[in-house]
Amino acid sequence: MEAMVPNLVGAGLIVIGAGIGLGKIGGSAMEAIARQPEATGKIQTAMIIIAALLEGLAFGALFLGK
Amino acid sequence: MERALYSIKFFGLLFSLLFTISSVANEVNGNEAQNDERINTEGEIRDYIQHHIKDAHDFHLVSYTNDAGERVHVGFPLPVILVGENGITTFMSSEFHHDTNGEVVVEKNGSRFVNFHGKIYELENGAASMIFDAEHHPTNASRPLDLSITKSVFGILVIGLLMLWWFSSLARQYKNRRIPKGFGRVLEPLVIYVRDEIAKPNIGEKKYRKFTGYLMTVFFFIWILNLLGLTPLGFNVTGQIAVTAALAIFTLIIYTASGNRDYWMHMLWMPGVPILIRPVLAVIELVGAFIIKPFSLLVRLFANISAGHIIVMSLVAIMITLKAEITPVGSTALSFVLALFISVIEILVAFLQAYIFTMLSALFIGMAVAEHDHEHDSDGTPEHTDAEDVRADFI
């Protein structure tokens, strides 16, 4: 159990980082949609792609740290 | 309408078939009797989740301890196909009697097989049971080439045949009708969605047709298998790293094989940057194209689906683990509400992951086939130093 502590702390750090990133993406997308509601579709697509790339990175880190 | 009825009938038939087999395949296993000792609930739940996440040689629906103290497993077996030292051997996985500890030995075709933690080992001559070294590696058994119809293979085969039937009948209908009938009306908007929202904008008007077939196959394959994973049958196909890796490798092969001159140029000898930086960029680009892109595709799908399954099963397990603290009724209600909530989210995730996999595949293919409307000089300085033009090069 004690040997796992660094891994668990690392997992927590990854999740914090990914959370900040996703929050920024979501917040900016919201702002952009509020400014330009007619571009909602394009903004959402771009948002999902960036979120997916970020998620892939976070999962990759979790996966390697397991 | 007729087609939809056929589909419903087919599913009804499939499910009734499955449950008839499963009721026949009730298996009583006496040597795991646990009537005296208290069952380690937490450990059992953990084992159950681990067991579900992995692929298996049989469908395992329920297991319980009956009044006589015997362990009863409800499920149905699948065929095992092995290529070992004595050639091809086939038998049903029921011959292992649900044993995954390497205790039940099946003798077939002159070889002896045991099932250890879901993997089948072939015992060497004269060995009665498996012997392990200090690192828990078996010393007297080897793994034959396992071509069994496992749970995931079964799921892939069923979905593959269903998709072949659905889409070929949909395609046939367009020969003499303008709009499809029956179940095709459900599929048509999805097909058009994948074509118009995923393939066309990412690959480009000129070239999207060639790749739409692959994108559509991948999209429906992942989506339907994700949804199948949410049924209580115990499928976890898109949560198998081998399945997602195969899908990611298909995408890798397609975008590598269809890459044009500009793509390789930008990867190996990036125009418009100082000459000393170019080799560095080439290394980064190569690692990105051949390792990071497919790796992120496969890990994203695998991790999302596995995590979803673990969360749903953990929330269902609240029913048992919190029974003493908040009364059986309270724990059941809590676990029902939470599991229902997360299951609804999982339906969304099932679609979203299929969408993202297809979307990123289309994006990578689009990058590989994109045409640049201006030529680069051989020494790397663009002909027009227009800022817009240089920027367009990098986007």
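I started with the UniProt record, an unreviewed entry, which lists residues 6–25 and 46–65 of chain A as "transmembrane region". The model I'm looking at is a predicted one. I checked residues 6–25 of chain A there and found 100% helix and 0% strand. The end C-alpha atoms of that stretch sit 29 Å apart.

I looked at two of them. Residues 237–256 of chain B come out as 80% helix and 0% strand, with 26 Å between the end C-alpha atoms. Residues 334–357 of chain B are 100% helix and 0% strand, and their end C-alpha atoms are 34 Å apart.

**Helix α3 of chain B.** I went to α3(B), residues 151–173, next. Its 23 residues reach 33 Å from first C-alpha to last, close to the 33 Å expected at 1.5 Å a residue. Which residues of α3(B) are buried? I noted B:Lys151, B:Ser152, B:Gly155, B:Ile156 and B:Leu170. These buried residues pack against β2 (58–65), α4 (184–203), α5 (208–229) and α6 (241–257) of chain B.

**α4 meets α10.** Then I followed α4(B) over to α10(B), residues 328–369. Their axes come within 7 Å and cross at roughly 30 degrees. Angles under 35 degrees count as roughly parallel, so I can call α4(B) roughly parallel to α10(B). The crossing is right-handed. On the α4(B) side I wrote down B:Val194, B:Ile198, B:Ala199, B:Asn202 and B:Ile203. They meet α10(B) residues including B:Thr358, B:Met359, B:Ala362 and B:Val369.

Technical notes
Residues numbered from 1 in each chain as written. Chains lettered and ligands numbered in written order. Predicted model: local features only at pLDDT ≥ 70, side-chain atom pairs only at ≥ 80, totals over all residues. Helix = DSSP H or I, 4+ residues; strand = E, 2+ residues; numbered from the N terminus. Expected span 1.5 Å × (residues − 1). Buried ≥ 20, exposed ≤ 12 C-beta atoms within 10 Å, placed from the backbone. Contact = placed C-beta atoms within 7 Å. UniProt positions renumbered as here; feature names shortened; annotations may be inferred. Axes fitted to C-alpha atoms, helices over the stretch in contact; angles between N-to-C directions. Parallel < 35°, antiparallel > 145°, perpendicular 65-115°, else oblique. Left-handed = near helix turned anticlockwise from the far one by under 90°.
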